[in-house]
Amino acid sequence: MKTVYSEDHRLHAARMELIEGTLKPAVEKPERAEIVLARIRETGLGPVEPPREFGTEPLGRVHDARYLAFLERAWEMWTASGRDYEALPLVWAIRGLRAVEPEAIDGKLSYFSMDAGTPITAGTWAAARASANVALTATAMVRDGARAAFGLCRPPGHHAAADYYGGYCFLNNAAIAAQWLRDQGAARVSVLDVDYHHGNGTQAIFYERADVQFVSLHGDPRTEYPFFLGYADETGAGAGEGYTINYPMPFGTTYDVWGAALDDACGKVAGYAPDAVVVSLGVDTFERDPISHFKLTTPDFLQIGRRIARLGRPTVFLMEGGYAVEEIGINTVNVLTGFEEEA
Ligand code: OKP
Ligand code: ZN
């Protein structure tokens, strides 16, 4: 299958990230995408192509205009107020406080974010735009008849909602892709999120809709980020009732349990009969991922690809997380080659 890749992801390179109470070198770093790209070239998975420019219209179909305006100007406002290091928020409109957009950039960072672990840098907006174009270009390949395509997105997207960023995500690439497919005439689209973390942003965007199904396998939010979404009793609301399906699993989960959940999830996708499937492909379920707690092994990732292929649907794979830099290439490409073997 073809891969879509842009070097512009390098424009987003945070030095430090607030994690576990300390500033540490960022784990969501450019090497991640470069190692996946190197593995694609090494295995001969298929051609690597640059993204096309889709403009801001497809972003506005998913994200609020005020949020996009904030993202575009955040760095400029941050540096205009005298700072030249990465921007982080520090206070949130928790219960009882007023959720109104402040004037000052420090307040805006808080208003439009969900955590303090997602730095904004000089190139964040450009990199996030390129990442969305990567997703859309891969999606257009599938719309045009390809069985599958891989968007090597960075930064990732699934924690970003209509009007907030977080979890290393700014624009929700999978949601933008799914919405674009709908706007291109697909009747139903499934988003299958296999990243270790719950895709809270994608869920929130489609929660009250029946035209995009959201199915996610992830670390139980009782004990894992993003903590405040991803429970099994979240099943959609209103017209969307029944179209969100969550499989939270405990620390230590191995492929016997995870693969059974994937099998069940694929049954739900097949029952929905989507015109296309968007896979939020995180490989942070890997046993040696530095920030995660599942125990999938390198060969397990081949099985994931094979199972998804058996859905027999046009499929867009979009890169989300995965931080074991040594193995991220082999594990990601294993999903894609597993898919191709079975397709
Ligand atoms: C992004 B993606 C772990 C801190 C986690 C945020 C994780 C974002 C993951 N102790 N901080 O879903 O891979
Ligand atoms: Zn993740």
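Mentor: The account below begins with the sheet as a whole and then turns to its strands, its neighbours and the ligand.

The model is a predicted one. Its open sheet is formed by eight strands in the order β4-β1-β5-β10-β9-β6-β7-β8, and the pairing is parallel. Because β4 (48-49) and β8 (244-249) stand at the edges, each with a single partner strand, one side of each is left without a neighbour in the sheet.

Consider next strands β6 and β7. Strand β6 covers residues 189-193 and pairs with β7 in the parallel sense over five bridges. One of the residues involved is V189, whose bridge partner in β7 is V212. Both strands are mostly covered: five of the five residues of β6 are buried, and in β7, which spans residues 212-219, eight of eight are buried. In a regular strand the side chains alternate between the two faces of the sheet. For β6, V189, V191 and D193 lie on one side, S190 and L192 lie on the other, and all of them are buried, so that both faces are covered.

Residues 276-281 make up β9, residues 315-319 make up β10, and the two strands are joined in the parallel sense by five bridges. Here V277 has T315 of β10 as its bridge partner. Strand β9 also contains V279. This residue, V279, counts as buried because 27 other C-beta atoms lie within 10 Å, where 20 or more are required. Leaving aside residues up to four places away in sequence, V279 touches L192, V194, I308, T315, V316, F317 and L318. Between V279 and F150 there are 129 residues of separation in sequence, but the C-alpha atoms are 9.4 Å apart in space.

Helix α5 (residues 124-143) lies across β1 (2-4), β5 (148-151), β9 and β10, and runs at about 175 degrees to β5. Helix α6, at residues 173-183, is mostly covered, with nine of its eleven residues buried. Those buried residues are N173, A174, A175, I176, A177, A178, Q179, W180 and L181. Just after α6 comes G185, which takes a positive phi of about 115 degrees.

P250 counts as partly exposed because it has 13 C-beta neighbours inside 10 Å. Although P250 and F294 are 44 residues apart in sequence, their C-alpha atoms are 7.9 Å apart.

The ligand comes next. Ligand 1 has 15 residues around it, of which G167, H197, Y225, I291 and G321 come nearest. The shell divides into five nonpolar, six polar and four charged residues.

Finally, the record supplies a name for much of this region. An unreviewed UniProt entry places the feature "domain: Histone deacetylase" at residues 27-332. Over that range the chain is 38% helix and 12% strand, and the end C-alpha atoms are 17 Å apart.

Conventions:
Residues are numbered from 1 along each chain as its sequence is written. Chains are lettered from A and ligands numbered from 1 in the order in which they are written. This is a predicted model: local features need pLDDT of at least 70, side-chain atom pairs count only at pLDDT 80 or more; totals for chains, interfaces and linings use all residues. Two strands pair if DSSP finds at least two bridges between them. Helices (H or I, at least four residues) and strands (E, at least two) are DSSP runs, numbered from the N terminus. Two residues are in contact if their C-beta atoms, placed from the backbone, lie within 7 Å. Axes are lines fitted to C-alpha atoms, for helices over the stretch in contact, and angles run from 0 to 180 degrees between N-to-C directions. UniProt positions are given in the numbering used here, feature names are shortened, and annotations may be inferred rather than shown by experiment. A residue is near a molecule or strand if its C-beta atom, placed from the backbone, lies within 6 Å of it. Ala, Val, Leu, Ile, Met, Phe, Trp, Tyr, Cys and Pro count as nonpolar, Asp, Glu, Lys and Arg as charged, and the others, Gly among them, as polar. A residue is buried if 20 or more other C-beta atoms lie within 10 Å of its own, exposed if 12 or fewer, and partly exposed in between; C-beta atoms are placed from the backbone.
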